[in-house]
Amino acid sequence: MTNNNTLTSRLYPTRIDIPAEKRKQIVVILNQTLAATADLKTQAKQAHWNVKGKDFFQLHELFDELAGELEEYVDMVAERVTALGGYALGTARAAASNSILPEYPFDILEGKDHVAALADRFAAYGKHIRDAIAQTDNLGDADTADLYTEISRTIDKRLWFLDAHLQVAEVKGENGTASNTQKTAVLR
Ligand SMILES: [Fe+2]
């Protein structure tokens, strides 16, 4: 783990004008994002392959679209790490050990359960991305903050797409998932 920690903040000599101390901290955040993004991308694929039920085709397609977007973000985040002189940690093993997300549930079958599993993870990922906008902005890196803002806007939209599949049942209390507080908040 110490080896990994060193790698997450490793810097090469570069002519970029952002101070090394700032870049070191930004690279650590970006490598966390890289791990979570690669992890979430494989989870969207897992849903794409294994979803069953009457909505199979549209969900199969939607999940693939989500995975495709995340794949682009993997590349954008990794290349921001290297643009800052950092070392990108992008293998599957690095993603598995550094991701903030829980493993995908392997015992679910139906469309709504896959949608809910992905919605939970998109929400957690979206929070990480939004926090990173402020963190990288505070570290004086408007470009990384802008990259995070771009990702954040799409992730919020995708969370809406996922939530929209569940909201009717949640408002009616049919899923057994929405608390009274959530229902009130939804209906207000
Ligand atoms: Fe496919």
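User: How do I read contacts in this structure, and what percentage of those with a separation of 6 or more come from residues 24 or more positions apart?

Analyst: Two residues are in contact if their C-beta atoms, placed from the backbone, lie within 7 Å. Here, residues 24 or more positions apart account for 70% of the contacts with a separation of 6 or more. Bear in mind that this is a predicted model: local features need pLDDT of at least 70, side-chain atom pairs count only at pLDDT 80 or more, and totals for chains, interfaces and linings use all residues. Numbering starts from 1 along each chain as its sequence is written.

User: How many helices and strands does the protein have?

Analyst: Helices (H or I, at least four residues) and strands (E, at least two) are DSSP runs, numbered from the N terminus. This protein has seven helices and zero strands.

User: Which residues have the most contacts inside the largest nonpolar core?

Analyst: In soluble globular proteins, nonpolar side chains tend to be buried together. A nonpolar core is a set of buried Ala, Val, Leu, Ile, Met, Phe, Trp, Tyr and Cys residues joined through C-beta atoms within 7 Å; buried means that 20 or more other C-beta atoms lie within 10 Å of a residue's own. The largest core has 39 residues, and L30, L34, A44, F63, V74, V77 and V81 have the most contacts inside it. Helix 2 gives the most to this core, with eleven residues.

User: What is V74 in contact with, leaving aside its neighbours within four places in sequence?

Analyst: With those neighbours set aside, V74 touches L34, T37, A38, K41 and G90.

Terms used. A residue is buried if 20 or more other C-beta atoms lie within 10 Å of its own, exposed if 12 or fewer, and partly exposed in between; C-beta atoms are placed from the backbone.
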